[in-house]
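Here is a friendly briefing on a protein model, written for someone who likes to know the cut-offs behind the words. Please have the structure open as you read.

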Amino acid sequence: MSTLDLRGLTPAPVTPFTRDGDVDYDAIARLGSWLGSVDGVKGLVVLGHAGEGTFLTQDEQVRVIAAFKDSVDGRLPIIAGITGEGTAVSVEEARRAVDAGASAGLVYPSHGWLRFGYQEGAPQDRYKAIYEGSGLPLILFQYPDVTKATYNLDTQLEIAAQPGVFATKNGVRNMRRWDREIPVLRRENPDLQILSCHDEYLLHTVFDVDGLLVGYGGLAPEPLVELIAAGKAKDYPAARAIHDRLLPVTANVYHRGSHMEGTVALKEGLVARGILEHATVRPPLLPLAEGAGAEIAAALQSAGLSAVTVPA
Ligand SMILES: N[C@@H](CC=O)C(=O)O
């Protein structure tokens, strides 16, 4: 397995839609081309939560992977969210992702585990089957501690040690677990790339990681690249200054009733940045309340994040 290097910023971009709700491939070209032009961006994760990946048909999923790959001229790895509930269907999904040009997969927990929890060993089996069935290098996805799909430390360690697993995207949102588990994961798997996905707690996690894998990176890649550099330099004042400058944006995008609304807010933000023409989402997502777009635009402006020029 050739190891991908995600030690930097890996945005998880939205999937743009036309006003009629079809996938907007022209907008994907603009979004991907812009993100790919930002120094420090190491790859793109498509079909994630921010990408409304599970709201797409199988056919759309493969076309979206290929479209993002085209948008970066193949210069950056495209990592596909693998979300199927059953292991066998996830293996098929991973094979389709390989055929469409994905370089890696971000494996979601099986959805039923969120409610019921998982049987011991089942997550390890899921990763093993997907890697053996597709050859796709995989990212271990650690869900929040408040869900029953969060993996205990032993489960994370066992998955991290399996062939094919090269990184973890950690969103545990429990600082006691973060402080205790991240050092052990690093000690036991020195090559495992540790990526935070705590969009709303980036300052608090950036000093311990190799990079960030976040939907936020698809809206504000420039300051997040700076934040990662500050984290690696252990430069708290610099990181704090970026965090404070971004706080109005963070609040408008992620301090909402539900993390799901963050996806709609990201699209509103991309309208303000000149990448999207409108913030159409697919149900069950709903538009934000009247005026939210203007508030997000004002927050971006206050953070110095203006409209961007998309590379030709
Ligand atoms: N950043 C969120 C959503 C990403 O998939 C998370 O923590 O999981």
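This is a predicted model: local features need pLDDT of at least 70, side-chain atom pairs count only at pLDDT 80 or more; totals for chains, interfaces and linings use all residues.

Residues are numbered from 1 along each chain as its sequence is written, and side-chain values use heavy atoms, with hydrogens and water left out.

**Overall fold**

- The protein chain has twelve helices and eight strands; these are DSSP runs, with helices being H or I of at least four residues and strands being E of at least two, numbered from the N terminus.
- With a radius of gyration of 18 Å, close to the 20 Å that the globule rule gives for 312 residues, the protein chain is as compact as a globular protein of that length. The radius is taken over C-alpha atoms, and the rule is 2.2 Å times the number of residues to the power 0.38.
- The C-alpha trace spans about 50 × 45 × 35 Å along its principal axes.
- Among contacts with a separation of 6 or more, 74% join residues 24 or more positions apart; a contact means heavy atoms within 4.5 Å.

**Surface and burial**

- Of the 312 residues, 58% count as buried. Buried means under 20% relative accessible area, exposed over 50%, and partly exposed in between, with a 1.4 Å probe and protein chains only.
- The accessible surface of the protein chain is about 13,000 Å², and 51% of that belongs to carbon and sulfur atoms. Areas come from the Shrake-Rupley method with a 1.4 Å probe, and for residues only the protein chains shown count as cover.

**Charges and salt bridges**

- There are 28 positive and 38 negative side chains, and the centres of the two sets lie 3 Å apart. Lys and Arg count as positive and Asp and Glu as negative, while His and the chain ends are not counted; each charge is placed at NZ of Lys, CZ of Arg, CG of Asp or CD of Glu.
- The whole structure holds 14 salt bridges, each a side-chain nitrogen of Lys or Arg within 4 Å of a carboxyl oxygen of Asp or Glu.
- Asp5 pairs with Lys42 in a salt bridge, with the closest N and O atoms 3.4 Å apart. Asp5 sits in the segment before strand S1 (9-11) and Lys42 in the loop between helix H1 (25-37) and strand S2 (44-46), so the pair ties together parts that are 37 residues apart in sequence.
- Asp5 is partly exposed at 36% relative accessibility, and Lys42 is partly exposed at 24%. Asp5, Arg7 and Lys42 are linked in a network of salt bridges.
- Lys128 and Glu132 form a salt bridge at 3.4 Å, N to O. They are four residues apart in helix H5 (residues 122-134), separated by about one helical turn. Lys128 is partly exposed at 43%, whereas Glu132 is exposed at 57%.
- Arg273 and Glu222 form a salt bridge, their closest N and O atoms being 2.8 Å apart. Arg273 lies in the loop between helix H11 (261-272) and helix H12 (292-302) and Glu222 in helix H9 (residues 221-232), so the pair ties together parts that are 51 residues apart in sequence.
- Arg273 is buried at 2% relative accessibility, while Glu222 is partly exposed at 26%.

- Asp24 is found in the loop between S1 and H1.
- Asp24 is buried yet has no salt bridge, and the nearest side chain of opposite charge, Arg30, is 4.9 Å away.
- Apart from neighbours within four places in sequence, Asp24 is in contact with Pro16, Phe17 and Thr18.
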